[in-house]
Amino acid sequence: MTDDTRVLGLAGLQALIDALGLRGYTVIGPTVRDGAIVNAPISSLDDLPRGIGDEQDAAHYRLRDRGDEALFGFAAGAQSAKPVLFPSDELLWRSRRTADVTVIDREVEPPPGPPYALIGVRSCDLRAILMHDQILLERTAADVHYAARRAESFVVAVACTDPAGTCFCVSMDTGPSPRGGYDLALTELYADGEHRFVVAVGTDRGAEVLAEVAATTATADDVAVAERVITEASGRMGRALQTDGLKYLLYANVESPHWDDVASRCLACTNCTLVCPTCFCTSVEDVTDLTGVNAERHRVWDSCFSEEFSYIHGGSVRESTRSRYRQWITHKLAAWEDQFGSFGCVGCGRCITWCPAGIDITVEAAALRGTPRKTSQRS
Ligand code: SF4
Ligand code: SF4
């Protein structure tokens with residue numbers, strides 16, 4: 001935290017949401033829906049999950065009453081920022097057959113409309129956004145739709161103060177405190193008197209918006225309390241992943257019998273890849289109407305767990321669930337580093353929480369080191 005560190009009260013946070021709305025942003029934040037915390041458009045503090053926490057473990061997610069007024073007192077929700085910035089179904093182009101059947105009118109979908117302001121982005125998900133920037137913007141062919149959304153997006157990150165049983169961002173060195181890539185970053189303080197948010201400024205744009213709301217300069221005590229709650233959160237991670245030599249461990253275990261053990265449990269349902277904030281694999285679907293005149297091309301999320309994903313000229317390269325799980329975890333924890341210079345996992349724990357079979361990436365990686373597989377931590 002720096003000399004720029006400011007403090008907002010509850011009214012100030014509402015003013016921040018209002019200021020972003022007035023600037024034309026669609027403000028997206030955490031809300032409760034169907035027993036889970038999901039992202040949705042918000043306009044008021046009343047839209048946030050006040051006093052709601054979560055319990056997460058392998059194949060287990062429940063909301064709980066925290067008994068306090070915390071607005072961000074939960075861990076990684078069911079969704080990351082991925083569905084906002086990189087939607088699961090994106091129209092790439094439309095075509096219409098004309099009188100001359102060799103001519104196709106092609107209409108490229110314009111860049112998406114109002115920019116998004118994302119409120120409450122966790123440090124793990126922030127790191128995942130930066131990975132998507134690297135993958136979708138900085139390689140030979142940039143994704144123009146992602147680029148348009150990302151260029152205009154405004155990010156208000158929030159430090160995690162109450163990590164879940166499936167969190168392991170400390171192992172992956174991605175959290176629990178946001179470390180850049182945000183416009184503003186909040187640390188919520190509610191246990192020592194006044195409910196307030198210590199605000200770090202990450203960009204000039206963030207400073208401009210913050211100047212429009214009633215923020216005061218943080219006291220040394222505010223900063224010390226914020227640092228203490230983050231340090232305490234770091235010590236309460238529900239999971240850990242030993243990362244030393246992990247890449248070589250995975251490459252050395254290509255033929256391990258352990259993959260058969262995982263395959264006996266894995267349903268190849270693709271949940272783990274869909275909830276993962278870093279997974280970015282897609283396929284292309286072409287659809288026509290019944291007249292055969294109009295056609296559309298969509299880019300849709302795909303998964304290395306589907307048999308069709310690795311179909312190449314007459315067959316699937318990865319026919320077995322064994323080979324698909326091995327591919328997924330090896331890409332996340334080994335090959336990603338060769339491709340992009342970091343692990344492909346940010347330790348959000350979603351793949352553990354939302355796997356119907358309770359398969360746990362930390363446990364499976366540990367098993368390759370010879371550490372026995374444990375059952376759920378939940379009693
Ligand atoms: S690891 Fe779990 S979530 Fe992933 S495909 Fe297998 S059963 Fe589904
Ligand atoms: S692999 Fe699992 S824990 Fe890692 S970033 Fe993806 S969903 Fe989160």
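Analyst: Setting aside neighbours within four places in sequence, Cys-169 touches Thr-174, Gly-175, Pro-176, Met-237, Val-346 and Gly-347. This is a predicted model.

User: Where does Cys-169 sit, and is it buried or exposed?

Analyst: Cys-169 belongs to helix H5. Cys-169 is buried, because its relative accessible area is 7% and the cut-off for buried is under 20%.

User: How far apart are the C-alpha atoms of Cys-169 and Met-237?

Analyst: They are separated by 7.7 Å, with the two residues 68 apart along the chain.

User: You listed Gly-175 and Pro-176. What is the peptide bond between them, cis or trans?

Analyst: The bond from Gly-175 to Pro-176 is cis, with omega near 10°. Pro-176 lies in the loop between H5 and S10.

User: Switching to domains. What does the assignment give?

Analyst: Domain 1 covers 6-86 + 113-234, and domain 2 covers 246-282 + 304-368. The contact between them takes 28 residues from domain 1 and 29 residues from domain 2. Their centres, taken over C-alpha atoms, are separated by 28 Å.

User: What area do domain 1 and domain 2 bury between them?

Analyst: About 2300 Å², with 64% of it on carbon and sulfur atoms.

User: How many salt bridges and polar contacts are there between domain 1 and domain 2?

Analyst: One salt bridge is found across the interface. For polar contact the count is 17 residue pairs, both residues at pLDDT 80 or more.

User: Which elements of domain 1 supply the side that touches domain 2?

Analyst: Strand S4 (52-57), strand S5 (60-65), H3 and helix H5 (169-172) each supply at least two residues. H3 gives the most to that side, with eight residues.

User: And what do the side chains of Asp-125 and Arg-350 do?

Analyst: They meet in a salt bridge, at 2.7 Å from N to O.

User: Now H4. Which residues are buried there?

Analyst: In helix H4 (residues 144-152) they are His-145, Tyr-146, Arg-149 and Arg-150. These residues lie on the same side of H4, because they cover an arc of only 120° around the axis. Val-144 and Ala-151 are exposed on the face turned away from the buried side.

User: What covers the buried residues of H4?

Analyst: The cover includes helix H2 (82-85), strand S6 (89-97), strand S8 (116-121), helix H3 (123-136) and strand S9 (154-158).

User: Which residue caps the N-terminal end of H4?

Analyst: Asp-143 does, with a side-chain oxygen 3.0 Å from the backbone nitrogen of His-145.

User: Last topic, backbone. What is phi of Asp-34, and what about Ala-268?

Analyst: Asp-34 has a positive phi of about 55° although it is not a glycine. Phi of Ala-268, also a residue other than glycine, is positive and near 50°.

How values were computed: Residues are numbered from 1 along each chain as its sequence is written. Chains are lettered from A and ligands numbered from 1 in the order in which they are written. This is a predicted model: local features need pLDDT of at least 70, side-chain atom pairs count only at pLDDT 80 or more; totals for chains, interfaces and linings use all residues. Side-chain values use heavy atoms; hydrogens and water are left out. Buried means under 20% relative accessible area, exposed over 50%, partly exposed in between (1.4 Å probe, protein chains only). Helices (H or I, at least four residues) and strands (E, at least two) are DSSP runs, numbered from the N terminus. The arc is that of the directions from the helix axis to the C-beta atoms. Contact means heavy atoms within 4.5 Å. A polar contact is a pair of N or O atoms within 3.5 Å; within protein, one must be able to donate a hydrogen and the other to accept it, and residues adjacent in sequence count only if both atoms are side-chain atoms. Domain bounds come from an automatic or database domain assignment. Buried area is the accessible area (1.4 Å probe) that two parts lose on being put together, summed over both. A salt bridge is a side-chain nitrogen of Lys or Arg within 4 Å of a carboxyl oxygen of Asp or Glu.
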